[in-house]
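Good morning, and thank you for coming. I would ask you to keep the structure in view while I take you through a few of its parts.

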Amino acid sequence: MKKTGFRTGIFLFLLFFWLAPVRVWAQEDKEEGDVTHAPYFFIENADPSLDSFPLKATDVATNINGVIAETLVQQTYTNEGTRPINASYVFPASTKVSVHGMKMTIGDRTVTAQIREKEEAKEEFEQAKSEGKSASLLEQQRANVFTMSVANIMPGDVVRIELHYTEMISPVEGSYQFVFPTVVGPRYASPSMNENGETAEWVETPYLEEGKTPDAAYNITVNLSTGVPITEVSCKSHDIDVAHKDGSTAKITLSDPTDYAGNRDFILDYRLTGDQLNSGIMLYEGEEENFFALMVQPPEHFEAADIPGREYIFVLDISGSMYGYPLDTAKELIRDLVGSLREDDCFNVILFADEVASLSSKSLPATAANIGRAISLIDSMDGGGGTELLAALQKATALPAKDSTARSIVMITDGYIYGEKAIFEHISKNLDSAGFFSFGIGTTVNRYLIEGMAEVGMGEAFVVTDEEDAAAMAKRFRTYVQAPLLTDIQVDFEGFEVYDVQPAVQSTLYAQKPVVLFGKWKGEAAGTVRITGKTGRNDYLQQLSVDPADSREENAALPWLWARQKVKQLSDYTADAKEDESIKREITEIGLRYSMMTEYTSFIAVLDTVRNTEGSTDVEQPSPLPEGVSGLAVSTGYTIGSEPGEWFLLCLALLVSVSGTMLRYKRRRRGCEA
């Protein structure tokens, strides 16, 4: 009877909305001065004179030489309508890339974009747009989110925008991984941020309905050149073809270009011959400055002596974007994590969507009964509502702690929120009481948040794409937190004059991944680099000699890699960076000096010919929902119509639905303390 009432409520609720006119949020529906921003579903305009999908193709070509990846991304816009248009598009990149080049080609004319201060670039673009000149503007919204705006695309125009990325790829557990994000997931903005006018306009972006993909090509090609034999190449995100030219080079392409590739991260894994990974130093001598990159491999995992008692607080996202596959995968992960705790461990589970609830007001011993209670609670969750991660973290850090117990806070989410820096700030203020680990769940997670939480929290980040991943990542997590590889890490340079070294070395290394440093040097390329630390109860020492032969022309990307790391340290995970004018000036100077995208610098390209004297229509290129993400992740506004009986149906539907929901809630609450 309880289930029948609930289903009846849902039926009546859906019937009401079938009768009532429904609309999606759109710019023209907003009242002047409205500061609320949220993603919305796109409804195609039936006007054949307006091309609402001008982005026809995205072509990605990456060349990986050694540990440096150079990527060229070409976006092709074509206006197949009969009216001039201005197009805008939101797209992602890796948090590690330096974007340092852009070109715009229209017909046979190519314009190399110039780097400008952000406001100056915006003004130049708007002026060109109003004058009828074709122009393009690339802006950074987040370290991994960018917007492209193209003005005055005339009927029949084919506009190609070429972007140049650079990043370094370092191995983890002996495996190298290249990730190319393809789509920005919908972001949830807390109502408090909307009320304060703190939400940026890019958050309000159109999405196609669940399961629908654009009628556009998305091609990815990777040319791999490692210098040593490649033993394995795999890609669990896409079907690929691998053509080996010889033992150390390979060309990777998509097996089926008709299978839309742009709704999930492209994740390429490869391994090289030999289990022992080499440490090394790369040098580059520029006209005005010299740069280096240092990569030091850690020791093997060890069994730590005298491991202290441990407390694990699992913070699980059950919001709308986690509905279905992501939450099912998260449940599998947390079952494995909770189910394998030692009897002398203690734990708690915090669940969050619009509101926050916990298994208990304090952490519980990891007994079979308590573990069973936690798993039952988690299994009862379906997913729905907003994503109030900050409130959940505040609850986690406020839980009473036990003396002589090492606390680890484990966050499990897809990361589809706005306001990441408030999360980073809270974590940084609580580093003395806990270590922070993050699990990103899904085919296209918000890596800026997932990686940032772990980096600020001095922990590790994991990305789980399916249930098979969940089991493997849970095993790796247990190994990491129980036995760190290296502690008290120090790096000293003897006879090698270095400065502006980035980043600061973290004190504890959990994963078997290298310590990577970027910096500048002057004088002779000579001397020794000493890396010291502790493995369990033993001292650790590794020494590297600096050799002039390490300076090579193929290391010309080092200036951009250093500049990106410098900006990352200054602002990526610092909540108050915007309030500090000196930091803003320093980031702006770095962007202008190294011709690189930052939060305060943008690329602008203008074709200096008036091409449009009639005015243009603005269109926003819709994005597909990430694969596996429910339509519940996108907010939809409704307009109540005037059909007879609508209000009666609505009230009846809500009454029956809420009654069923309350019955379910009471059953859940027996095992969950709000």
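This is a predicted model: local features need pLDDT of at least 70, side-chain atom pairs count only at pLDDT 80 or more; totals for chains, interfaces and linings use all residues.

How many of its residues are buried? The count is 7 of the 7, so strand E19 is largely enclosed by the rest of the structure. Recall that in a regular strand the side chains alternate between the two faces of the sheet. In strand E19, both faces are covered.

Which strands pair with E19? One of them is strand E18, residues 280-285, which runs antiparallel to E19 and is joined to it by 6 bridges. Within that pairing, Tyr284 has Phe291 as its bridge partner.

Next, I turn to an open sheet. Its 4 strands follow the order E29-E27-E31-E32, and their pairing is antiparallel. Which strands stand at the edges? They are strand E29 (508-509) and strand E32 (538-545); each has a single partner strand, so one side of each is left without a neighbour in the sheet. Further in, strand E27 (residues 486-494) and strand E31 (residues 528-535) run antiparallel and are joined by 6 bridges. As a pair to locate on the screen, take Gln490, which stands opposite Thr532 in E31.

Helix H2, residues 118-130, has 13 residues and reaches 18 Å from its first C-alpha to its last, close to the 18 Å expected at 1.5 Å a residue. Its buried residues are Lys118, Ala121, Phe125 and Ala128.

What do the buried residues of H2 pack against? They meet strand E7 (114-117), strand E8 (133-142), strand E9 (145-153) and strand E33 (601-610). After the helix comes Gly132, with a positive phi near 85°.

From there we move to a single residue in a loop. Thr443 lies between strand E25 (435-441) and helix H8 (447-456). Is Thr443 buried or exposed? Its relative accessible area is 14%, and the limit for a buried residue is under 20%, so Thr443 counts as buried. The side chain of Thr443 reaches the backbone oxygen of Glu627 at 2.8 Å. Among the residues that Thr443 touches are Asn263, Arg264, Asp265, Tyr325 and Pro626.

Finally, the nonpolar cores. The largest has 78 residues, and those with the most contacts inside it are Tyr77, Leu138 and Phe266. Helix H10, residues 558-572, contributes the largest share of this core, 6 residues. Apart from this core lies another, of 40 residues, including Phe347, Ile375, Phe437 and Tyr480. To return to Tyr77, its contacts include Pro54, Leu55, Ala87, Tyr89, Met148 and Val150.

That concludes my presentation, and I thank you for your attention.

Methods. Residues are numbered from 1 along each chain as its sequence is written. Side-chain values use heavy atoms; hydrogens and water are left out. A nonpolar core is a set of buried Ala, Val, Leu, Ile, Met, Phe, Trp, Tyr and Cys residues joined through side-chain atoms within 4.5 Å. Buried means under 20% relative accessible area, exposed over 50%, partly exposed in between (1.4 Å probe, protein chains only). Helices (H or I, at least four residues) and strands (E, at least two) are DSSP runs, numbered from the N terminus. Contact means heavy atoms within 4.5 Å. Two strands pair if DSSP finds at least two bridges between them. The expected span of a helix is 1.5 Å times one less than its number of residues. A polar contact is a pair of N or O atoms within 3.5 Å; within protein, one must be able to donate a hydrogen and the other to accept it, and residues adjacent in sequence count only if both atoms are side-chain atoms. Lists of a residue's contacts leave out its neighbours within four places in sequence.
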